[in-house]
Amino acid sequence: MGGRRAKYKQPPPAPLQDSERPSSKKLGKRKANADANLDSELVQARPAKRAKEAVKVSERKDDKKGKTKNEQRTPKSQKGDKTIAHSKEKKKCIEEELYEVESGGESDGWEDVSDVGDEDAFVGSLSDLESGHEDDNFLQGAPEQLDLGSDDGEEVQLFPKKAKESRPQPRERRVVVVSPSGSDDDSTSEGERVTMANMEARSRAIDDEAAREAELDLEEVQDAAAEAGDEDIDMVGDDDEAKGEPFHLPTAAEREEEKKGVADVHVIQKRMRYCVRVLGNFKRLAEKDRSRSEYVAQLISDIASYYGYNEFLAEKLFDLFSVAEAIEFFEANEVSRPVTIRTNTLKTRRRDLVQTLINRGVNLEPIGKWTNVGLQIFESTVPIGATPEYLAGYYMLQAASSFLPVIALDPQPNERILDMASAPGGKTTHIAALLQNTGHVFANDATKARTKSLAANVHRMGCKNVTVCSYDGREFPKVMGGFDRVLLDAPCSGTGVISKDSSVKVNKTDRDFRLLSHLQKQLVLCAIDSVSPESKTGGYLVYSTCSVTIDENEAVVNYALKKRQYR
């Protein structure tokens, strides 16, 4: 009926006799005695699963014993039939496990009970589980998980002596109030609870302590700065005395004699540092019978000699700043400016251009948050001015500072705009991009030869709303007018871009500054006249230069405000 499988089916196991069944309490001891008597071939390792079950049984026994000492036992009469049924079910499971041990079925690591000769050593039966002994209560509890401890190298106890030790005890929690340092008030001692009554006092004490610490920090910083200044000055004096050559401020005749020969760069640099320190604290460090003007004259002469300026320009730029700021300005002019480009939004987006240039081996990043079209180039394996993207008009080589006049102009679509001095076209194409090829841009430059590069850049960048013309800017109100916005990037001395054009250091004189200032005043008045006062969206003029002198900036604006009405 059952087929081939029924033929070889194993019959159900015969129940064990009570006399042959070892007691569960003697099982561990019986195993230890059997291991001592069996041969080495019959002794095998106990499976991990059985070992864990034995550990659980032992833990339950110990845990239950610990509980019975401190707790009152529950009468069996309250447990009812549910407890008896649960005990019988546990008994049946233990019988099945003992049968597996005797038959050698699944637990190969256990010895066969029938092979052990000393059967009289096993005392007890499974019927003991039904007795009222206190050890059978572990069958009624919930199974517990073996706690193997942490991984910090502590020893794990598999068989704890007491159940209380295996269970983590809840820690007592309390609020500890730490008083501010330096407080002698007993009310702020550790362990006192924070209440509504003392909360204001504690807060006030903490604020006072913070104020005292801030004052101490400020005093320490000031003392440290004063000590650092004294050490710096003393170090220079010690160095001079060690060499036997104390510093001596040259006279005017000595300076003229020194200019005839070749000056030592190290001597000039050292003398510049000393003059800067003396001018910073003249009363303390100046030599007797020497005026402040003598130190200033010596410093200007050394700056001109050290950085390569003529005497006039060095003095003109030195007078614009304080002594320390002037030195920083001259040092900054010796540092080359980073290469920057402007993305042409008429043809591409900045992130697409970045990805394309990175693929060509260009290392770049955005200039800053103030512009969404600028990129700074750090290094490139290809010429930036000869890439296919440059020739296609995706970007323009342009200084980051030249973005600012157009940003200030803020052109709006469909406006009529004049760029009075537009060559080579960086600002003009930027205006066209912001207009999105709407409106009309007039790109003018007084030098006709420069309009060629202007027209080339306009075509390369795809600007369709630009008209290139060559007029003298001072004629523009007569040629045409009525513009919504006018940008005047006036011709200047270039003292703000000396790092880009070092020829400015020697080829500018006082006459150049006077002529340029006069031309700029004329151009700014013509630009004001070219703006339409009836413009609904515009009526703005932006005046910009690449110079730092007052004659070309503040003086020109002040002149325009006096000569024309404004709002």
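Visitor: Why does Cys275 count as buried?

Guide: Buried means under 20% relative accessible area, exposed means over 50%, and partly exposed is in between, with a 1.4 Å probe and protein chains only. Cys275 has 0% relative accessibility, so it counts as buried. By the way, this is a predicted model, where local features need pLDDT of at least 70 and side-chain atom pairs count only at pLDDT 80 or more, while totals for chains, interfaces and linings use all residues. Residues are numbered from 1 along each chain as its sequence is written, and side-chain values use heavy atoms, leaving out hydrogens and water.

Visitor: And what makes Cys546 partly exposed?

Guide: Its relative accessibility is 34%, so Cys546 falls in the in-between class.

Visitor: How many disulfides are there?

Guide: A disulfide is a pair of cysteine sulfur atoms within 2.5 Å. By that rule, the count is zero.

Visitor: How do you know whether Gln520 is buried or exposed?

Guide: Gln520 has a relative accessible area of 0%, so it is buried. Gln520 sits in helix 20, residues 510-530; helices here are DSSP runs of H or I with at least four residues, strands are runs of E with at least two, and both are numbered from the N terminus. Contact means heavy atoms within 4.5 Å. Leaving aside neighbours within four places in sequence, the contacts of Gln520 include Tyr543, Asp551 and Glu552.

Visitor: What makes a set of residues a nonpolar core?

Guide: They must be buried Ala, Val, Leu, Ile, Met, Phe, Trp, Tyr or Cys residues joined through side-chain atoms within 4.5 Å. The largest such core has 26 residues, and Met272, Leu299 and Phe318 are among those with the most contacts inside it. Helix 10 gives the largest share, six residues. A second, separate core has 17 residues, including Leu488 and Tyr543.

Visitor: Why is helix 10 called roughly parallel to helix 12?

Guide: The two pack at an angle of about 10°, with axes 12 Å apart. Axes are lines fitted to C-alpha atoms, for helices over the stretch in contact, and angles run from 0 to 180 degrees between N-to-C directions. Under 35 degrees counts as roughly parallel, over 145 as roughly antiparallel, 65 to 115 as roughly perpendicular and the rest as oblique. That angle therefore makes helix 10 roughly parallel to helix 12.

Visitor: Which residues of helix 10 make that contact?

Guide: Leu299, Ile303 and Tyr307, facing Val323, Ile327, Phe330 and Glu331 of helix 12.
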